[in-house]
Every structure is written in C-alpha cells, then in structure tokens.
Amino acid sequence: MLIKIPRGWELPESKVTPESVFRGRREFVKTLSLAGIGASVSGAETGLYPATRNTRYTLDRPLTAEAIATGYNNFYEFTLDKQEVQHRVGQFKVEPWKVKVTGQVNNPKTYDIDDLVSRFPLEERLYRFRCVEAWSMAVPWTGFPMSALLKEADPKADARYVRMVTAYRPREMPGIVSQPHYDWPYEEALTMAEAMNELALFCTGLYGKPLPKQNGAPIRAIIPWKYGLKNIKSIVEIAITKKRPPTLWNKAIPTEYGWYSNVNPTKPHPRWSQAHERFLALGPGGQVGYTMRPTLMYNGYEAFVSELYTGDEF
Ligand SMILES: Nc1nc2c(c(=O)[nH]1)N[C@H]1C(S)=C(S)[C@@H](COP(=O)(O)O)O[C@H]1N2
Ligand SMILES: [Mo]
C-alpha cells in the first residue's frame, strides 16, 4: 500500500550511494527485507562490481532507495504482490545460465552468462524508470549496451526486430503455475533501431552489485524511455527477426498496453492518467511512499530517442 510522504523524505543521491553510506540506514529500513539474499554471485562476476559510472547519463532527481528497487517488484512469474516477489524467488536457479542469440544474424551463438559479462565491458548508468502503473524510480543499473551484443551477432540485411524471452520454469517460478491465463513465457521486443539506441542496455547489476533475482537476474533489458513492462527480466533468448514479434502484455490487453509502450504523458491508460507519476521514496518507518512528479515525454529521454518516432506510436 502506498503512503504519501512529504518531499523531505526523498534522499539526496549522495545519501544513498555509495553502498557503505546506505548500509548505515539498514536498521532504519528494517520493515523492508533488503537485497543481497537473492543476488547471484558467480566466480566470473567477482571483481566486476561496482562498474565505473558513465557520467553522460545524469538524473534530475535523487536515486531511489535500494530497499525499494529490490523490494517493490513486478515479476509475475513469481507473484503479483510486489513486496512478496523477493520472498518467492528462492527456488529460482540463475547459475549456471545461458543466453541464446539466434535468428537473422551471421553469428548466432549461445553465451554462458560468465562469458557475456566479461566479453562486453560493464558500466554503471543512472536512469529514470517508469512503470505503466504510474509509479517510478531512479536506479543505478550496471550493464552493457544492447548494440555491443547485436554488433557481434551481426544482423543480416533483413533483420528488423529484436525479440527477447524470459526463462520458463514452472517448478521454480510459482506465479507461472498460479497464473496460467498469462501466455508464458514472458516475451518482449524492440525494433532494431530502438535496440541499437545508445540508451538500451542489457543489465546484469544494480546498486553496484549483481542483479538480485527479483530484479531479473542474471540479465535483463533496460530501455529507460519505455514503460517498465518492456524491461524484460531473466532473459534466455534473444532472437533477431524479420517480422514484428508479439509481446506478452500487448497480446494480453492490446487496448491498454501498446507494442511500443513509450512513456508518454499525453496518452492516458484507459483507466488512469499518465500525466503524473508517483516517484517512490522510503517513508520514516521504512514503508514505501511517494512524491508526485509530472511525467516527462519519453521519460525525459526525448533528446536521445525522438528521432525514432513520429509521436503516434502506441
Ligand atoms: N519476465 C518478466 N519481466 C518483467 C516483468 C515480469 O512480470 N516478468 N514485469 C515488468 C514490469 S511491469 C516492470 S514495472 C518491471 C519491474 O522491474 P523491477 O522489479 O526491477 O523494478 O519489470 C518488467 N519485466
Ligand atoms: Mo510495470
């Protein structure tokens, strides 16, 4: 449940990172279970975190507390209850992990996750993150540009789209079993131009550490100008296609969740306005609160992505 809390409870970025500063707050935020328990740390990942921050990407707001980003999640393969996800990921095995790169490419390949994170230099970027449900965060992600992997795969001339698929493991993901009406596995897609945009990342970490399971370990997509649902978690397959791939949410409710799902304050969801967002922040008792902010066109990334669109995309 969201409790409105005053602006003063927003933490300045300097108070949230580095981790050593944040750790001092853990007593204070004990009503939220903290990340770390679910984090996957494989041998090859040791020493990769924290990655050097790329200062080209700056925020206009404080970073969201780590306890919120890792304790208030959408990951329907586990449960629809955001604050329960972190407690349902225990059976999910993220090591070993392979990612298959396939389709219209000259160099199809199945990568081991350890190979991926050592092959493509990791960097940290601070991005705004906006869910279609109207809550938002600001998160320090660690990852590498999608373009780095796509260039290595070497798309053929008729490659138009990038399709991404989440692991499908009913025995490890209890939400798949309790919500059989969704068309699992979770799938998302981008146009090739979107995936090649400098902002689009494959992420393997957050807050200077490997991704916790609830955030999509060991690898997920981060496309910061799109609604959260495009930011597919726990990816096992990346397929380059000629035809536009269907996506889980667009197939499920096409009138509510567009294939593009670009953040757009002027296009309301049929049941709520998108003009404002609830920027999540930690309340005095460690509860999840928020402050209202105007939604920015393309989530504030207009300068990077407006050339990709006419503005009519949905
Ligand atoms: N596989 C998978 N990926 C997913 C989802 C999901 O349910 N399953 N939820 C999406 C939605 S709606 C959001 S808002 C973000 C949430 O990411 P976070 O929990 O790291 O904040 O993940 C996205 N990626
Ligand atoms: Mo979302």
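A polar contact is here a pair of N or O atoms within 3.5 Å. In this predicted model, a nitrogen atom of ligand 1 meets that limit with a polar backbone atom of N74, at 3.3 Å. An oxygen atom of ligand 1 lies 2.9 Å from an N or O atom in the side chain of N73, and a polar side-chain atom of K233 is 2.7 Å from an oxygen atom of ligand 1. Taken alone, ligand 1 exposes 530 Å², of which the protein buries 98%, the areas coming from the Shrake-Rupley method with a 1.4 Å probe.

Around ligand 1 there are 18 residues, of which N73, Y76, E77, R220 and K233 come nearest; a residue counts as near if one of its heavy atoms lies within 4 Å. This shell divides into nine nonpolar, six polar and three charged residues, with Asp, Glu, Lys and Arg counted as charged, Ala, Val, Leu, Ile, Met, Phe, Trp, Tyr, Cys and Pro as nonpolar, and the others, Gly among them, as polar.

The cysteines remain. With a disulfide defined as a pair of cysteine sulfur atoms within 2.5 Å, the count is zero. C131 counts as buried because its relative accessibility is 4%, and C203 is buried at 0%, where buried means under 20% relative accessible area.

Residues are numbered from 1 along each chain as its sequence is written. Side-chain values use heavy atoms, with hydrogens and water left out.

Methods:
Chains lettered and ligands numbered in written order. Predicted model: local features only at pLDDT ≥ 70, side-chain atom pairs only at ≥ 80, totals over all residues. Polar contact = N/O pair within 3.5 Å; in protein donor to acceptor, adjacent residues only side chain to side chain. Buried < 20%, exposed > 50% of the residue type's maximum accessible area, 1.4 Å probe, protein only.
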